[in-house]
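Student: Could you walk me through this model? I'd like the conventions spelled out as we go.

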Amino acid sequence: MQADPPARSAVVDLGSNSVRMVVFDGISRNPVPIFNEKAVLRLGRGLTTTGRLNEDGVAMAVDVLRRFHAIARGMNASPFEVLATAAVRDATNGPEFVASLRELMPDVPIRILSGIEEADHSALGVLCGIPEANGLVADIGGGSLELIRLDSEGRHNADTLPLGVIRLSDRASGDVTHAKAIADADLHGVQWLNEMRGKTLYLVGGAFRALARLEIARTNYPLNIVHYYTLTPQAARDMTGWLIQSNRRALERLPNAPRKRLDDVPFAATVLRRLIRRVEPEKIVFCVDGLREGWYATSVAPDLQALDPLETVSRGMCARLGRSDTLPDALISWTDSIFRSETPRQRRLRLAACRLSDVGSHDHPEYRAEQTYMRVLWVQGAGFDHQARASLALALAVRYEAEPDTAPYLRTSRSLLDDEAFTWAVTLGLALRLAYVLCGGTETLLDGTRLELTGSELCLHLTSARVAVRGDAVRRRLTRLAQAMKLTARLDEGSQAAIPV
């Protein structure tokens, strides 16, 4: 009997600057893109003066969307939808353009989003990727800038401004100094921004992502991942000042420079700089999830958004790559006693580490620690800020015998973590290393053993049924864990006298 084809969905984001199609695989808490392609059309170029979509962009759009349609249908994507944003909704020939697309793809829904609808999708996308988001979302496109206030209860305020990079360039006749005055005037008109002072500013959209990529390259930041990339206000001001003053040739020399975005960079940097001055945020966080992920959250997986994305990723990796789906819960209970003073964040990470603790079981033993480190550090998925990635990757590399002070591939964790976070991750890794040498990945053998903190002593208790698992390897790993915790080690073998290690 032939299996049903996998569930897939696709969305086309038809913007003022570019058009992008993403195909998502399956239905899950975290969108899993398996196809992601963009074409730069510049539909909104000249819209300010002509009121019409750029004719060259319209001609290109037909060819691109014909290709996207064929790919989505070939991949059996359903639902498949086209979302048109600022340029199409504002242009006098927007309806005519959409009508031509409907003739080309009569079976595909094409929606022209209002500014508020676009803001809603962007806000939901941010919550999909950063569920704890609380502050101001700024989503920049080619034609518009969406501003949304988020808190624990959801979206409250939203405004759309004509500050997309193409439209701002047109309004300012390509003059960045004039663009600064335009941005200040538009932002001044949004009164509720006064309530956003001191909050976190979340940046969404390709032009803002380009700023992050250039700053990551300029500063040799150790992790080339834009999602959750975080800057202080002063660092963001330094970045925008540098980008506004730099010429294109200088930017092109940077590694992985987003060449198709470089003309937009001065205007995106100007908008960000004026926005920072307007709201004085506590910090700036870049988010790669926006309109398309918001569409996925509402159209494909609305019932799953309440799930913890970090837990979803770790459980999924455990199911695919681990040897047991019950051992992680036993490890969580087994390590509870030595992390009694952990913060809620540390507990969340410890639970994820226990679920991920066997994902290297099928890798080559000579490369298991390094492979696991990179797999977790670079994992695709929501819920992982950069420090979380660095902590979990370090803990799991140590679980697989990596030496935290000497292994060269751990340098990203050394760079991103302070001393306290680094020590916590190493301690967790050593605890998991001890657990696995005791049980060999088998929950049954872990049962009947337990760790106990008593004063300045770390004691490993073995019931009489588990005394057989003791040995030099167990003693060495117990001693190493105790040393990391600045404790002395003791082995209690049930009915026998406790033995200092």
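Tutor: A word on terms to begin with: buried means under 20% relative accessible area, exposed means over 50%, and partly exposed is in between, with a 1.4 Å probe and protein chains only. Helices (H or I, at least four residues) and strands (E, at least two) are DSSP runs, numbered from the N terminus. This is a predicted model, in which local features need pLDDT of at least 70 and side-chain atom pairs count only at pLDDT 80 or more, while totals for chains, interfaces and linings use all residues. Residues are numbered from 1 along each chain as its sequence is written, and side-chain values use heavy atoms, with hydrogens and water left out.

Student: OK, which residues of helix 4 are exposed?

Tutor: Pro 95, Glu 96 and Glu 103 are exposed in helix 4, whereas Gly 94, Phe 97, Val 98 and Leu 101 are buried.

Student: Switching to helix 7, how many residues does it have?

Tutor: Helix 7 (residues 176–188) has 13 residues, and its first and last C-alpha atoms are 18 Å apart, close to the 18 Å expected at 1.5 Å a residue; that expected span is 1.5 Å times one less than the number of residues. Its buried residues are Ala 179, Ile 182, Ala 183, Asp 186 and Leu 187. Seen down the axis of helix 7, these fall within an arc of 125 degrees, so they line one face of the helix.

Student: What do the buried residues of helix 7 pack against?

Tutor: They pack against strand 7 (145–151), strand 8 (154–161), helix 6 (165–171) and helix 11 (265–279), while Thr 177, Ala 185 and His 188 are exposed on the other side of helix 7. At the start of the helix, a side-chain oxygen of Asp 175 comes within 2.9 Å of the backbone nitrogen of Thr 177. A polar contact is a pair of N or O atoms within 3.5 Å; within protein, one must be able to donate a hydrogen and the other to accept it, and residues adjacent in sequence count only if both atoms are side-chain atoms.

Student: Is His 121 buried or exposed?

Tutor: His 121, which is found in helix 5 (residues 115–129), counts as buried at 9% relative accessibility. A polar atom of its side chain lies 2.9 Å from the backbone oxygen of Glu 117. Leaving aside neighbours within four places in sequence, the contacts of His 121 include Leu 83, Arg 111 and Trp 295.

Student: Which strand pairs with strand 14?

Tutor: Strand 13 (residues 457–462) pairs with strand 14 in the parallel sense over five bridges, pairing being assigned if DSSP finds at least two bridges between two strands. Leu 491 in strand 14 is the bridge partner of Leu 460, and four of the five residues of strand 14 (residues 488–492) are buried.

Student: Zooming out, what domains is the protein chain divided into?

Tutor: The division is into domain 1 (8–113), domain 2 (116–292) and domain 3 (308–493), with bounds that come from an automatic or database domain assignment. The centres of domain 1 and domain 3, taken over C-alpha atoms, are separated by 46 Å.

Terms used:
Arc of directions from axis to C-beta. Contact = heavy atoms within 4.5 Å.
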